[in-house]
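Dear colleague,

I am handing over the structure that I have been reading, and I would be glad if you kept it open beside this message. After it come my notes on what was found.

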Amino acid sequence: MLDFARNHFELFGLPARYALDAQALDAAYRALQRTVHPDRHAASDDATRRLALQAAARVNEAYRTLGDPVERARYLLGLRGVDAFDETDTSLDVGFLERQLERRERAAEATDARDEAALDALLREVRDDAKAIESTLGELLDAQAPTAAARARVRELKFLDKLAGDLDEMLAKVT
Amino acid sequence: MALLQISEPDEAPPKRPRRRAIGIDLGTTNSLVASVRDDGIAVVLPDDEGRPLVPSIVHYGEGGIEVGHDAVKAQIVDPHNTLVSVKRFMGRGLADLSDARRFPYRFVDGPGMVRVTTRAGDKSPVEVSAEILRALRLRAEAQLGGPVDAAVVTVPAYFDDAQRQATKDAAKLAGLPLLRLLNEPTAAAVAYGLDHGVEGIYAVYDLGGGTFDISVLKLTRGVFEVLATHGDTALGGDDFDHRVFCWILEAAKVPPPSAEDSRLLLMRSRDAKEMLTGHESAPIVATLSTGQRIDLSLTAKVFCEITHNLVEKTLAPVRRALRDAGLKPGDLDGVVLVGGATRMREIRRAVATYFGQAPLTNLDPDEVVALGAAMQANALAGNRAKDEDWLLLDVIPLSLGVETIGGLAEKIVPRNATIPITRAQEFTTWRDGQTAMAIHVVQGERERVDDCRSLARFELRGIPPMVAGAARIRVTFQVDADGLLSVSAREQTTGVEASIAVKPSYGLGDAEIARMLRESFDHAADDMRSRALAEARVDADHVAMATDGALAADGDLLTQDERAAIDAALGRLRALREGNDADALRLAVDALNRATEAFASRRMDRGVRQALSGRAIDTLA
């Protein structure tokens, strides 16, 4: 069976880094699915088909995790024994929170006014912020810096992700 | 001891005989069966008169069951016993059918799924669909010269678990060796993509007789990856017919018509709709049983007005699918139209306007799904040629979750997740000393479970009494490559387990399927026995062939003892294959499967290592 002890990076034969070569990940993913996907084993015996189902599900999970900026950071922290979303510590930087709350208010106003351009601008702002955090995260995680700072950034990134998703919803309603 | 077979180092493993593989498009209005010929070309298998389509109509007549063209006329003279568009009722209860009164049927709310009362008894949509599938199987067997070895049946991408399970049950009832349920737009993408060798991002806009799907796919070097899918399983060409029908009633001041007259006018409505794809107006002429004569002309302009909001209704799912895929309308390399209803000019116009490009129409929108299904069946059956190295990665259309306190749905598998997928989530007890937990599995996007589809309820019992919040119950969802769900729950501290393949609320029970199978063989016991034996033999041949192939390719992974055990199991299987004992043969198949379990695991491991090693990563894609 696919060695379940291997971590997601090892599974794809990629270095365990936050700054990831997306094309290499895609290529490795497709190569693995070509091998393990249940469709490649439909004419095989029961045991092989069962294994193929488990292996393909594992490969999909690994691909989804590494392909997502929040999940990848969370996973790397997990490999270092840190739970980024441990419920006993859910604090966020006060300045950061204030900025997002202010954005939410602007978003609500823009939605009421059906102001598509304003929502669009907000969404771009949030995405730019997210990109900046991603690059900071890359530096922190790949330099093996102490985990506390990276942990704080992942949580902010997740927050922005949610905000971007909500803005997207509002935008869909307005247009 | 059996002699080891050793092949020449460069020799291919023993060549398998080509297996008879078919793809079936089970449509709301029409169904088709297709197969890949020896020369690798997929073709639709027509009937004796050269007609490729089978109208999806089943007539329970005085003299027996008629299917397809033979049943067309009966819908006017015997509407209560002539079932059309049953695909709309698959996996649906009476409460789900907002348009039930549109049909001239006597519905009965059976357990899990609606039934229709006919002169042959109450029929579930599964049984009716099975009649259509059986007719297609027989057609294929007659033309391919023997029993079908492998079948793929297509379903709308937006079908939920209950509808998929119902389709799978129908295939079983029809005696089809079903290897996979395949999403219709994905099947179309395969047929189109393989035919034209295209790469890039494509949308498939599939408007059938009763269902609408939109799928967005990325085609990269033979991998068809569905990025997002959306749709409406109660929106199709039928609805356009119905708009015309309502227009006729109003324009000709027809009092509420009988079931017979309704059917007649609906057929005239469809004729008019089809005529308008190439003309500016269509005559509608009919004489009703009341003696009233209808003589109208429907113009393209009026048709456009009365159906405008149906066209609009397809665009909402299109927008959502693009949003889920993170794309804008202009990002697509092409838009493929599928389904007979996409022949309508307003559909083509709306699609072209939305995407900013003319849709691709250089394939037959009626046939492309069946052709793609045939290609997939051929590949799954192991017939694929060496250079045909393609793969489908599909998604689940609707989120899956469980009910939590307060009637809220907690999502466990998000929509548009690539399948197969396994996801687990932990829950805990909310009362002190709670020893059982009811798990309610739902599917849908809404927050409240009441607004989602209920798929199953089961209970995990025997949780040791603990204070509230101490128990750790892990609920695991597994969705297979057919998009079908199974759920298990396990209390982590004690290992108490409960699991379920999702079926009970909406599917048919195994006992019910067994009963229908018996009935469909007219209680002929001999027939049943010979069928059981034939099926066991097909299974046995299948497993023996798979094992031979595996031994030839990777026999070096086995120790001498392991090899001997497999050879012995294979030998017993081959001996029993020549006898007449179906049960013994089944046991031998199981034994061989058990004997090869560790071997299968090592082979998979080797495959994975080979996939990633020895080649530079950039050559892998």
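**A residue to begin with**

Please begin with Leu11(A), which lies in helix α1 (residues 8-12) of chain A. Before going further, please keep in mind that this is a predicted model.

**Chain A as a whole**

Chain A contains seven helices and zero strands, so that the pattern read along its sequence is α-α-α-α-α-α-α. The C-alpha trace of chain A spans about 60 × 40 × 30 Å along its principal axes. Its radius of gyration is 20 Å, whereas a compact globule of 175 residues would have one near 16 Å. Of the 175 residues in chain A, 38% are buried. When contacts in chain A between residues at least 6 apart in sequence are considered, 63% of them join residues at least 24 apart.

**Two helices that pack together**

Two packed helices are described by the angle between their axes and the distance between the axes. How do these values come out for helix α6 (residues 116-142) and helix α7 (residues 147-174) of chain A? The two helices pack at an angle of about 160 degrees, and their axes are 9 Å apart. Angles over 145 degrees count as roughly antiparallel, and α6(A) and α7(A) are therefore roughly antiparallel to each other. The crossing of α6(A) and α7(A) is left-handed, and the contact between them has, by class, 20 nonpolar, one polar and nine charged residues.

**Backbone details to check**

Most residues other than glycine have a negative phi, and most peptide bonds are trans. Against that background, Gln144(A), in the loop between α6 and α7 of chain A, has a positive phi of about 55 degrees although it is not a glycine. Gln144(A) is exposed, because 9 other C-beta atoms lie within 10 Å, and a residue with 12 or fewer is called exposed. Arg114(A), which is found in the loop between α5 (94-112) and α6 of chain A, also has a positive phi, near 50 degrees, and is likewise a residue other than glycine. With 11 C-beta neighbours inside 10 Å, Arg114(A) counts as exposed too. In chain B, a cis peptide bond joins Ile419(B) and Pro420(B), with omega about 0 degrees, and Pro420(B) is found in the loop between β21 (408-413) and β22 of that chain.

**Where the two chains meet**

The contact between the chains takes 32 residues from chain A and 36 residues from chain B. On the side of chain B that touches chain A, the elements that each supply at least two residues include β12 (178-183), α8 (300-325), α12 (525-554) and α15 (597-612). Which element gives the most to that side of chain B? It is α15(B), with nine residues. Sorted by class, the residues on the side of chain B that touches chain A are 20 nonpolar, nine polar and seven charged.

With best wishes

Notes: Residues are numbered from 1 along each chain as its sequence is written. Chains are lettered from A and ligands numbered from 1 in the order in which they are written. This is a predicted model: local features need pLDDT of at least 70, side-chain atom pairs count only at pLDDT 80 or more; totals for chains, interfaces and linings use all residues. Helices (H or I, at least four residues) and strands (E, at least two) are DSSP runs, numbered from the N terminus. The radius of gyration is taken over C-alpha atoms; the globule rule is 2.2 Å times the number of residues to the power 0.38. A residue is buried if 20 or more other C-beta atoms lie within 10 Å of its own, exposed if 12 or fewer, and partly exposed in between; C-beta atoms are placed from the backbone. Two residues are in contact if their C-beta atoms, placed from the backbone, lie within 7 Å. Ala, Val, Leu, Ile, Met, Phe, Trp, Tyr, Cys and Pro count as nonpolar, Asp, Glu, Lys and Arg as charged, and the others, Gly among them, as polar. Axes are lines fitted to C-alpha atoms, for helices over the stretch in contact, and angles run from 0 to 180 degrees between N-to-C directions. Angles under 35 degrees count as roughly parallel, over 145 as roughly antiparallel, 65 to 115 as roughly perpendicular and the rest as oblique. A crossing is left-handed if the near helix is turned anticlockwise from the far one by less than a right angle, and right-handed if clockwise.
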